[in-house]
Amino acid sequence: MQSERNAMKQGLVIKNTGSWYIVRCDDGAELSCKIKGNLRLKGFRCTNPVAVGDVVNLDLKPDGTAFIVSIEPRRNYIIRRASNLSREFQILAANLDMAVLVVTLVNPVTSTVFIDRFLATAQAYRVPVTIVFNKIDLLSAPDDRELLEAVVHLYRTIGYQVVTMSATTGEGAQELRELLRGKMSLLSGNSGVGKSSIINLLVPGARLKVGDVSAVHHTGMHTTTFSEMLDMPGGGSIIDTPGVKGFGTIDFEKSEIAHYFPEIFEVSQQCRYNNCTHTHEPGCAVLAAVGDHRISQSRYSSYLSILDDTDPDKYRKPF
């Protein structure tokens, strides 16, 4: 009988709870689904073969259970290394119009290496990034304001869109709201930078739990444990992800890393050797530009840190 046959549906993954996925089907229904067992056996090296933002095909059983049996081709996605000693990766989200990287200069301090690793990974996977400097209400000292102006100028000069805001006072929130309108955007950053506060400001009724910042380590404490898509008033959606402490890169070829730093790639066209690594070679235009402060030392240091990630023995687990 027809009622006893499996039904097929397609939908969008809107939440990942670890073992379960919430899928919004084309007819608006939201179903709790598991992954079909053989979907895990196709050579994936990632900890989550299905990510929020994926368009998936479902097999609905007569008893009402639903299984994800396949994933439609992704337009793009963004990944990070699952752990420092792992060759596996974690897909943060898929099919993105934009990634929003939330950073802070105080309480806690986001390192430029973290920022640049995120930017390089997004560049590699064709995801445009907007950088949001949050908690600017805490930057009252002249030195703090000068630092903010300097880093904002640095990233805008490179070509990145930058928003300065305070989720506490609401300053800058409307600018970010307009940038997000009508787009599917990932919200990412270290724990404690105010991602949940920003979402509560932009999505009335979200009521996400806001975490404190550790007084001892000056780092944020996790409040979001799973990735979830939240619909914005007026159109668009935000994918909230757990805060991350580090951003390990993966699957980068050494010869391609400079391509993901726009200002380094531009200058590298003038290097004497086509295979220049920009570390020691004579006639290296990048090293000359770093020496002349045309490329910032912080960005160059981040480039070197990703080069170090490609060392085949760096993440080899001990026997």
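A nonpolar core is a set of buried Ala, Val, Leu, Ile, Met, Phe, Trp, Tyr and Cys residues joined through side-chain atoms within 4.5 Å. Keep that in mind for the views below, which come from a predicted model.

**Figure 1. The whole protein, before we zoom in.** You're looking at seven helices and 13 strands. Of the 319 residues in the protein, 48% are buried. Take the contacts with a separation of 6 or more: 64% of them link residues 24 or more positions apart.

**Figure 2. Inside the largest nonpolar core.** In soluble globular proteins, nonpolar side chains tend to be buried together. Here the largest nonpolar core has 47 residues, and Ile131, Phe133, Tyr155 and Leu186 touch the most other members. Zoom in on Ile131 and, leaving out residues up to four places away in sequence, you'll find it touching Leu101, Val103, Ile115, Leu119, Tyr155, Tyr160, Gln161, Val162 and Val163. Another core, of 27 residues, lies apart from this one, and its members include Cys46, Ala124, Cys271 and Ile306.

**Figure 3. Strand S8 and its two partners.** S8 covers residues 98–103, and six of its six residues are buried. Which residues point which way? Met98, Val100 and Val102 point one way from S8, while Ala99, Leu101 and Val103 point the other way. S8 runs parallel to strand S9 (residues 129–133), with five bridges joining them.

Figure 4. You'll find Ser188 in strand S11. Is Ser188 buried or exposed? Its relative accessibility is 1%, so Ser188 counts as buried, the cut-off being under 20%. Setting aside neighbours within four places in sequence, Ser188 is in contact with Leu92, Val100, Leu101, Val102, Phe118, Lys195 and Thr241. Among those contacts, Val100, Leu101 and Val102 are residues of S8.

Figure 5. Most residues other than glycine have a negative phi, and most peptide bonds are trans. Now check the loop between S8 and helix H1 (112–124), where Pro108 lies. The peptide bond from Asn107 to Pro108 is cis, with omega near 0 degrees. Asn107 sits in that loop as well, and has a positive phi of about 50 degrees although it isn't a glycine. With a relative accessible area of 38%, Asn107 is partly exposed. Arg126 isn't a glycine, yet its phi is positive, near 60 degrees. How much of Arg126 is accessible? Its relative accessible area is 58%, so Arg126 is exposed.

**Figure 6. The second largest pocket.** Rolling a probe the size of a water molecule over the atoms shows where empty space is left. About 260 Å³ of space lies in this second largest pocket. How many residues line the second largest pocket? The lining has 16 residues, with Ser255, Asn274, Asn275, Cys276 and His278 nearest the centre. Helix H5 (262–268) and helix H7 (297–309) each supply at least two residues of the lining. Sorted by class, the lining has seven nonpolar, eight polar and one charged residues.

Key: Residues are numbered from 1 along each chain as its sequence is written. This is a predicted model: local features need pLDDT of at least 70, side-chain atom pairs count only at pLDDT 80 or more; totals for chains, interfaces and linings use all residues. Side-chain values use heavy atoms; hydrogens and water are left out. On a 1 Å grid over the protein atoms alone, a cavity is a set of points where a 1.4 Å probe fits but cannot get out, and a pocket is an open set with protein on both sides within 12 Å along at least five of seven lines; lining residues have an atom within 4 Å of a point. Grid points are joined across faces, edges and corners, and a volume is the space filled by probe spheres set on the points. Helices (H or I, at least four residues) and strands (E, at least two) are DSSP runs, numbered from the N terminus. Ala, Val, Leu, Ile, Met, Phe, Trp, Tyr, Cys and Pro count as nonpolar, Asp, Glu, Lys and Arg as charged, and the others, Gly among them, as polar. Buried means under 20% relative accessible area, exposed over 50%, partly exposed in between (1.4 Å probe, protein chains only). Contact means heavy atoms within 4.5 Å. Two strands pair if DSSP finds at least two bridges between them.
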